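The following paragraphs guide the reader through selected features of the model shown below.

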Amino acid sequence: MKIPTKNLILTLFFILSTVCLIRLFRITLNIFSYSQHPPLLNTLMHQNTTLPDRIPHMSQRFAKYRSSSEEEPLNHKQYHLISDVISHRAPCNLLIFGLKAQLLDISKLNKGGTTIFLEDDAQKLRNRTLKTNAVQVYSVEYQDKASEAFELLKHAREHPECKPKARKLRESQCKLALTNLPNEIYRRRWDVVVIDGPRGDQPEAPGRMRAIYTAGMLARSGNSTDVFVHDTNHMIEKWYSREFLCQENLVSSKGNLWHFQGKGGLSSASFCEGNASAMSRNS
């Protein structure tokens, strides 16, 4: 059976037209999809071309940060806060836990006063660039590790010998008291105390528990003592500052540097007003 030529031509035309329409529809759909999502496509393209180069860069920076043994310095605002207080109170009795170049520079503002540094790092004690005739530097030994901070704080809360009025600091039986310091430390009334040592940046390293407790005790024996604690972004410095220097004595802060102003001659059996109130309710 022969198919008429006219019908054959019409059939072929219809098939070709259908194929063309399908191809045109697919092209239009692709163009529409691209026009709706160009930012996403561009982002993916950008990530695909830059990501391999950025990964090593960020990894190197992170590794350098984690392996760095440098201590965090005071920033500009912190440096000037301590400087302003010392300048205002000079000549004064200035006690600094931690022998550092920045603090040594600041101590020069205490002209005519007495400045004493307490340091446990033997390498720093041997470093001549960190010594000057204008200040006194004493070696101190911290027997407690930073990992023992919680147990020592529990001990201080439970044992009466750690209370402010228990006995003189040098004779104290409290585990947090520094009782092996030079006599001059206990005899003087300190106007400014700066705590930036020991390092306490590792669980096995000496922590600042004793330094902060001792500063709290010394501040109570003076008239009015400005106490600075650096690195209060760390848990030990934060806990112990609130426990023994007290939130009500916090007068200013610059980042992770807290400035307390303690009043001497207090007769309270507790370091902080909140603790004293709790004791009176329980008695």
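Predicted model: local features only at pLDDT ≥ 70, side-chain atom pairs only at ≥ 80, totals over all residues.

The relative accessible area of W239 is 34%; since buried residues fall under 20% and exposed ones over 50%, W239 is classed as partly exposed.

The cysteines come next. The structure contains 2 disulfides. In one of these, C162 pairs with C174, and the two sulfur atoms lie 2.1 Å apart. The torsion about this S-S bond of C162 and C174 is about 95 degrees, so the disulfide is right-handed. Both C162 and C174 sit in the loop between α6 (149-158) and α7 (183-187), 12 residues apart. C162 is buried, with a relative accessible area of 2%, and C174 also counts as buried, at 4% relative accessibility.

The other disulfide joins C246 to C272, with 2.0 Å between the sulfur atoms. Here the torsion about the S-S bond is about -90 degrees, and the disulfide is therefore left-handed. This pair links distant parts of the chain, 26 residues apart: C246 is in the loop between α9 and β6 (250-254), whereas C272 is in the loop between β7 (257-263) and α10 (273-282). C246 and C272 are both buried.

When the bonded cysteines of the chain are numbered in sequence order, the pairing reads 1-2, 3-4. A further cysteine, C92, is buried as well, its relative accessible area being 3%.

Terms used. Residues numbered from 1 in each chain as written. Heavy atoms only, no water. Buried < 20%, exposed > 50% of the residue type's maximum accessible area, 1.4 Å probe, protein only. Disulfide = S-S within 2.5 Å. Helix = DSSP H or I, 4+ residues; strand = E, 2+ residues; numbered from the N terminus.
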